Amino acid sequence: MNGFDYIMLVNIFLIWSLLFVNIVLIVAGYVYYLKVEKEQPPEIIGEYPFVSIMVPAHNEGVVIVKTVAALLAFDYPWDRYEIIVINDNSSDNSAELLKEIQDTNPSRNLTVINTDNISGGKGKSNALNIGYQQAKGEFIAIYDADNTPEHKALRYLAAELKADDSLGAVIGKFRTRNKEVNLLTRFINIETLSFQWMAQAGRWQLMKLCTIPGTNFILRRTIIEAIGGWDEKAVAEDTEISFRIYLMGYKIKFQPKAVTWEQEPQTWAVWFRQRTRWVKGNVYVLIKNIGYLVDKDARKIRFDIFYFLSTYFLLLTALVVSDVIFVMNMAGLVSTSIQGFSNLLWFTAFVMFILGVFIALTTEKGEMTVSNFFIIALMYVTYCQMWIIVTVYGVFQYLKDRIKKQDSKWYKTERFQG
Amino acid sequence: MKQSILILIALALMVLPMPAIYGEETVNQENISMTINTKDVLLIYDQLAVDTVYRNNLNTVETLLSALSRTAEIVSIDDYSVGQMSGYQKLIILKNTENPITNPDFIHDCQNYSGALFYIGFDVSGLIPALDSFPISRQMGRTVSVNLNGLAINSIWVDDLRVINELPGSGETTIGVGTSDYPFSKTINRLTYVPTLIGDPGFTLGLGEILKDWFGLATSADMTLLIPDIYPFSDLNMVIKTSDAFYANGIPFALGVIPIDDNINFPAMSRFYQVLRYVQSRNGTIIVHRPSPATVSDSTTVLSEKMYVVITKMVENGVYPLGLASGESLFFDEVSKVNPLNLFSTGIILPDDGITASGRKETWALSSASLGINLETIANTSSPNRNFGNYPINTTIIMPLPENEAMLVAQLGIINHKWLSLTDYKRLDNYWTIGQNTIASSASGIRVNGLPVSLSYDEEPIEADYRYQKPPEYSLEKIFTAGNIFLLTVVGIIIVIFIMIVVFSRRVYLNKFRKVVNNNDENNEPVIKRQDQEGKTP
């Protein structure tokens, strides 16, 4: 055995270990789904808590009207929630559109904060910090500007948070509004569902852990006060704030009945830029919090750090390195002698992957279809491989920014009409 | 005029077939006379006795006749035609059962037969009056030895032993039972009688000696050694190792090469020929080992053509097959169908466990042949002298290619321990002309088309692309094989569980959305689907 053999051995171990971790999460997520299905939707007992809904928006004219309309339509007492739209240095007609909504809804608690390139335009965290200055609610809810939440989403989120003091935040589920547009949006639809039912529901069921997804979640005002607002250097502010909530001893619960529909990228270029930002942001948060992996007081987030570490570094490294060695081996540049596993095993693992993802789809109306089954198979050879490229690129970009000592640029996801 | 023409035509039509009819009759008569004149012996048997210990007897006699290069016509008593045996100077009757004979023609002809008669098996009272006077002792369940030519083949179990209850003559082949010896056969005038025959190598060799004398064949006999069933995907490394080991021990041997008629220009064949040349250089002789016809082709014509190509190709590549190894069945086929295999002058008749098919048959024979015996027979044979000596007829020890070095050492041990005197096959008189090539071998060496050839081995370089490469050796093979099974099991279980979840989910899904449809109070559809409300923000 040579050095490459040992590397391949470690890679094989890592790939299979992480595969089995995800299998466990799939099963746990499904168990949680069954549990939620049996339960009645959460109801608010007693006085409705006052909720400040913050919507950071940068050039969101295409979608903002529909989003604010959906927020105004919440099945929640009008006097018990406010909507704060932070129109963050927009150059489009967002300000006019928001003014028009304000004018047509004078009786509603709708605040629009227009920032310029001096006070704003510094990313989502900065926009949230600005909005937070004016927020009066004891609970803070965040929605992205492209969201169309369901009628009772806020009621369910607030009810869960009010009912349990150990919860720092409650996250809802997001669905893909434009999933029928093209193959990419179908891929994203499947990806988001499987991620939520595997990583979110599974971790909640097993370890009472969830990661705030960036939209459709509610948290206590006291938490924001305690952590001093959002970290403006973090381009993945959701992951960052999740870690902070864990460290304060709170839990983050996944309530799948609180649903929002959001628009996902419709082109590969937009998807690539958005996901690159996610990777960079998560790598930043991971490196910032890596020390907690060995911190005795941070037991609760150890799994999450490990999970991120395994996804962005271990699995990625294993996949990339084994692919590189495979190609070099084929080219005759290196030689490996370990036997490896049979093709049959890899094929069954592939079947297992398809079924595992399909299980997540069985939870949603209209998703348990034959076509989706085949789309998952196609995803494996296309979309999942693209993720490897994105991750490599994101990590590379992050390291480049660090070496050049540049702050990460917050890329705003381009919206589409419809 | 017209009438005379018609008469002429009618006469012509009447006369013309006559030469044809006459011609057919002539041919038939010629065929009959050829049968009479060309076959050495008529072999008549009563039954195949398939469910008895005598089931291999017919095969044994047929094989021995081929090994002794005798041709025969073979017929069962039931199929015997009147006067058939009168055309033969030699007749063998094989009586495998005690059943009475019901063919009166056979009984009549038997009683009036004047040629040499070789009778094997159960006597039928009155059939051959001289036979009834032989003193037969019948003994049930005996372990016997067959003693021949100074050798004793031991530990042969016989259920029903019938022996001639007389003292054997000096140098005679005998059957030893305990401390007693009985003659294997007895000859009185034109009648030779072998009371017991079972398809055992000892009895086969004993019968071989008697038949050899009966046919009046030369007394000397050779013993050779054959490694059969070698083809391009045999363990060629072991072939080389065995060749080296035999060469080092001074053991001449022959290699039975199965003729491959497909892909003969492939690199694997080049490597194969290379190995065969190496074997020749290590005192090995190449023999064409004709596989069972059933595994080759249904078309004998195609097979024949292919054999020409195969043998020509071998010669082109410096491989000189000197003889033929085949089971007995080959000799039942017509010569034209087995051509060019019949053109070999010498061959090895391999033991065939299959029961010979019934029916009238005629055999052809090679000029010289030997009987294949296995190494176990050698091991069961004892010799009073240090040197093993020879069996009374030509024999070839069939030794399978060793599977590993330990087996090779064991086989070598038997050969060396027995002090066998093996003959170099290529020093026998071998001769054939196939296609454009004529090959002869003798004590003076091999000649191809009259010219002597060197058997020294000069390795020809093989192009790198075609050079044999050992399959890669993998590390951690055991761990990965075990891991593979383990993971396949685990993944299989997970897949089953996942399928169960999907099926269960389907039920949950149907219940869930049926409930939603029925529940009029449930009104939590996404706002995006409630287009009518979107423009009506309160």
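**View 1. The largest nonpolar core.** The largest nonpolar core contains 132 residues, and those with the most contacts inside it are A:Val51, A:Ile53 and A:Ile218. A nonpolar core is a set of buried Ala, Val, Leu, Ile, Met, Phe, Trp, Tyr and Cys residues joined through side-chain atoms within 4.5 Å; buried means under 20% relative accessible area, exposed over 50%, and partly exposed in between (1.4 Å probe, protein chains only). Helix α13 (residues 477-518) of chain B gives the most to this core, eleven residues. Helices (H or I, at least four residues) and strands (E, at least two) are DSSP runs, numbered from the N terminus. Apart from this core lies another, of 104 residues, including B:Leu58, B:Phe184, B:Leu205 and B:Leu255.

This is a predicted model, in which local features need pLDDT of at least 70 and side-chain atom pairs count only at pLDDT 80 or more, while totals for chains, interfaces and linings use all residues. Residues are numbered from 1 along each chain as its sequence is written, chains are lettered from A and ligands numbered from 1 in the order in which they are written, and side-chain values use heavy atoms, with hydrogens and water left out.

**View 2. Surroundings of A:Val51.** Beyond its neighbours within four places in sequence, A:Val51 is in contact (heavy atoms within 4.5 Å) with residues including A:Tyr76, A:Phe139, A:Leu154 and A:Ile218.

**View 3. The open sheet of chain B.** Seven strands of chain B form an open sheet with mixed pairing, in the order β9-β10-β4-β3-β1-β2-β16. Two strands pair if DSSP finds at least two bridges between them. At the edges stand β9 (186-188) and β16 (361-362) of chain B, each with a single partner strand, so one side of each has no neighbour in the sheet. Helix α6 (residues 201-215) of chain B packs on the sheet, and its direction makes about 170° with that of β4(B). Axes are lines fitted to C-alpha atoms, for helices over the stretch in contact, and angles run from 0 to 180 degrees between N-to-C directions.

**View 4. The barrel of chain B.** In the order β11-β12-β13-β14-β15-β17-β19, seven strands of chain B close into a barrel with parallel pairing. From one strand to the next, the twist averages 35°. Helix α3(B) packs on the sheet, touching β15 (346-350) and β17 (368-374) of chain B.

**View 5. B:Glu62 in helix α3.** B:Glu62 belongs to helix α3 (residues 57-67) of chain B and is buried, at 1% relative accessible area. Its side chain makes a polar contact of 3.2 Å with that of B:Lys361. A polar contact is a pair of N or O atoms within 3.5 Å; within protein, one must be able to donate a hydrogen and the other to accept it, and residues adjacent in sequence count only if both atoms are side-chain atoms.
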